[in-house]
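The sequence and model come first.

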Amino acid sequence: MNLAIDQGYLGMRNNHGGPFGAVVARNGRLVAAAYNEVIRTKDPTAHAEIVAIRRASAKRKSFDLSDCEVYSTCEPCPMCLGAIYWAGIRQVWFGCSRQDAARIGFRDKLIYDLLGGTRGRSLRKIRVGRRECLKLFLEWEHKDDRTMY
């Protein structure tokens, strides 16, 4: 956890992003460390957990990190939580809560509320081109050499 905290300070003090750091570890050993890079990269998905997962996957040459765990300075937001699930990670250690993040101005609560159905949705979703998209899906479904993830 101390390395995640150090990463958070590094990114924040360099004005690369908010006060967030994360580490991916396997069997108690560092695989990847990162801090929030949203401001530096102008990428809203460059949260510490996402960046750490990307680095760990690249280093291990695998999208499967099910034998790893994450240490984060804050409870993962819904986007990061989704990435953690997609990577197969089964354990997350975190310091601050999402309520702590809300108190200093981060909007995780808005997304949690949207996902929980407790708030009106502001995103308009329009289905278009389903027939053509299904062809793409069917080709994937019948692809002999596909790799499921």
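Four strands make up an open sheet of mixed pairing, in the order S2-S1-S3-S4. Strand S2 (29–35) and strand S4 (92–96) are the edge strands; each has a single partner strand, so one side of each has no neighbour in the sheet. On average, neighbouring strands are turned by 15° against each other, direction ignored. Helices (H or I, at least four residues) and strands (E, at least two) are DSSP runs, numbered from the N terminus; two strands pair if DSSP finds at least two bridges between them.

The model is predicted: local features need pLDDT of at least 70 and side-chain atom pairs count only at pLDDT 80 or more, whereas totals for chains, interfaces and linings use all residues. Residues are numbered from 1 along each chain as its sequence is written, and side-chain values use heavy atoms, with hydrogens and water left out.

Strand S3 (residues 69–74) runs parallel to S4, and four bridges join the two. Cys74 is buried, with a relative accessible area of 4% (buried means under 20%, exposed over 50%, partly exposed in between, with a 1.4 Å probe and protein chains only). Beyond its neighbours within four places in sequence, Cys74 contacts residues including Phe20, Glu49, Phe94 and Cys96; contact means heavy atoms within 4.5 Å.

Helix H3 lies across strand S1 (21–26), S2 and S3, at about 140° to S2. Axes are lines fitted to C-alpha atoms, for helices over the stretch in contact, and angles run from 0 to 180 degrees between N-to-C directions. In helix H4 (residues 78–87), the buried residues are Pro78, Cys80, Ala83, Ile84 and Ala87. They pack against H3, S3, S4 and H6. Gly88 follows H4 and has a positive phi, near 85°. The C-alpha atoms of Cys74 and Gly88 are separated by 19 Å.

The largest pocket has a volume of about 500 Å³. Its lining has 22 residues, with Pro44, His47, Phe106, Arg107 and Asp108 nearest its centre. A pocket is an open set of points on a 1 Å grid over the protein atoms alone, where a 1.4 Å probe fits, with protein on both sides within 12 Å along at least five of seven lines; lining residues have an atom within 4 Å of a point. The volume is the space filled by probe spheres set on the points, which are joined across faces, edges and corners.

| Lining residues, by class | Number |
|---|---|
| Nonpolar | 13 residues |
| Polar | five residues |

Ala, Val, Leu, Ile, Met, Phe, Trp, Tyr, Cys and Pro count as nonpolar, Asp, Glu, Lys and Arg as charged, and the others, Gly among them, as polar. H6 gives the most to this lining, with three residues.
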